[in-house]
Amino acid sequence: ASLNGKRVQCMMGAKNHAIVMPDANKEQSLNALLGAAFGAAGQRCMAVSVAVLVGEARHWIPDLVAKSRTLKVNGGTEPGTDVGPLVSCAALSRVESLIERGLAEGATLELDGRKPEVAGYAKGNFVGPTIFSGVKPGMSIYEQEIFGPVLCLVEAEDIDQAIEFINANPNGNGTAIFTQSGAAARKFQEDIDVGQVGINVPIPVPVPLFSFTGSRASKLGDLGPYGKQVVMFYTQTKTVTARWFDDSTTSHGVNTTISLK
């Protein structure tokens with residue numbers, strides 16, 4: 001399309017990270033993080049798939065696992081369901097394959113959600129909440145967008161290291177930080193190179209008044225969906241410059257400058 005002079009708007013892949021600072025409200029942060037990771041079975045472009053645990057927050061892994069075990073895997077229309085099925089058999093096969101590769105490449109499987117027993121859905125495409133720790137760049141589960149209920153955990157010594165880690169990832173769709181420090185939040189929003197930023201908000205999709213501002217490898221084209229940017233995307237700008245004179249206007253002769261006389 002661009003070769004023919006047409007505007008292009010193409011939303012690409014994502015690998016959304018969330019930083020968890022040790023001063024964060026623990027209960028609120030863990031609930032928000034798991035909801036963002038496992039809601040819709042992880043099948044949304046703004047799902048949080050990587051949690052960066054800073055400092056003492058690394059000790060929250062058992063709590064993450066314990067909370068994840070309480071989530072109910074069931075048919076999407078069943079009452080009380082927390083994690084529904086994947087969209088197809090192919091999606092199920094792909095997610096299970098990536099979990100296998102995560103194990104083979106050295107990550108630690110803290111919680112294995114493969115092949116859950118779901119009453120009434122013996123042939124359903126289900127994967128329960130799955131958590132890996134010890135995840136590193138280069139591993140398939142980190143490099144690829146899994147699009148399933150799989151959360152990767154990495155650790156950082158401080159906020160600077162966490163921000164550097166996220167900025168090194170080529171994707172820039174969305175990110176978040178959980179903290180009670182205004183200074184940490186301000187540093188994060190200024191230094192992070194990601195288009196959509198949440199402060200104690202795990203899935204920072206803006207309301208329609210604003211534009212969807214994913215960046216870097218997460219978007220092709222300069223204008224994003226909805227908000228002011230999408231209006232500009234579908235608009236051809238026209239500029240009209242005009243002057244009017246009445247019969248009594250005196251001419252100052254030929255004007256060869258750009259100044260109006």
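What distance separates the centres of domain 1 and domain 2, taken over C-alpha atoms? In this predicted model, the two centres lie 27 Å apart. The protein chain is divided so that domain 1 covers residues 15-205 and domain 2 covers residues 206-239. The contact between the domains draws on 15 residues from domain 1 and eleven residues from domain 2.

The size of an interface is often given as the accessible area lost when the parts come together. For domain 1 and domain 2, the buried area is about 900 Å², and carbon and sulfur atoms account for 40% of it. On the domain 1 side, 43% of the area buried against domain 2 is supplied by Asn173, Gln196 and Val205, more than by any other three residues. Zero salt bridges are counted between the two domains. Among the secondary-structure elements, helix 5 (159-167) and strand 7 (171-172) each provide at least two residues of the side of domain 1 that touches domain 2. By class, that side of domain 1 consists of seven nonpolar, seven polar and one charged residues.

Two individual residues were examined further. Thr130 is located in strand 5, which spans residues 130-133. With a relative accessible area of 0%, Thr130 falls under the 20% cut-off and is therefore classed as buried. A polar atom of the Thr130 side chain lies 3.0 Å from the backbone nitrogen of Gly113. When residues up to four places away in sequence are not counted, Thr130 touches Phe38, Ile99, Leu109, Leu111, Asp112, Gly113, Arg114, Pro149, Val150 and Leu151.

Asn31 belongs to helix 1, formed by residues 26-38. The relative accessible area of Asn31 is 40%, so this residue is classed as partly exposed, the class between under 20% and over 50%. The side chain of Asn31 is joined to the side chain of Lys67 by a polar contact of 2.9 Å. Asn31 and Leu64 are separated by 33 residues in sequence, and the C-alpha to C-alpha distance between Asn31 and Leu64 is 8.6 Å.

Note on methods:
Residues are numbered from 1 along each chain as its sequence is written. This is a predicted model: local features need pLDDT of at least 70, side-chain atom pairs count only at pLDDT 80 or more; totals for chains, interfaces and linings use all residues. Side-chain values use heavy atoms; hydrogens and water are left out. Domain bounds come from an automatic or database domain assignment. Contact means heavy atoms within 4.5 Å. Buried area is the accessible area (1.4 Å probe) that two parts lose on being put together, summed over both. A salt bridge is a side-chain nitrogen of Lys or Arg within 4 Å of a carboxyl oxygen of Asp or Glu. Helices (H or I, at least four residues) and strands (E, at least two) are DSSP runs, numbered from the N terminus. Ala, Val, Leu, Ile, Met, Phe, Trp, Tyr, Cys and Pro count as nonpolar, Asp, Glu, Lys and Arg as charged, and the others, Gly among them, as polar. Buried means under 20% relative accessible area, exposed over 50%, partly exposed in between (1.4 Å probe, protein chains only). A polar contact is a pair of N or O atoms within 3.5 Å; within protein, one must be able to donate a hydrogen and the other to accept it, and residues adjacent in sequence count only if both atoms are side-chain atoms.
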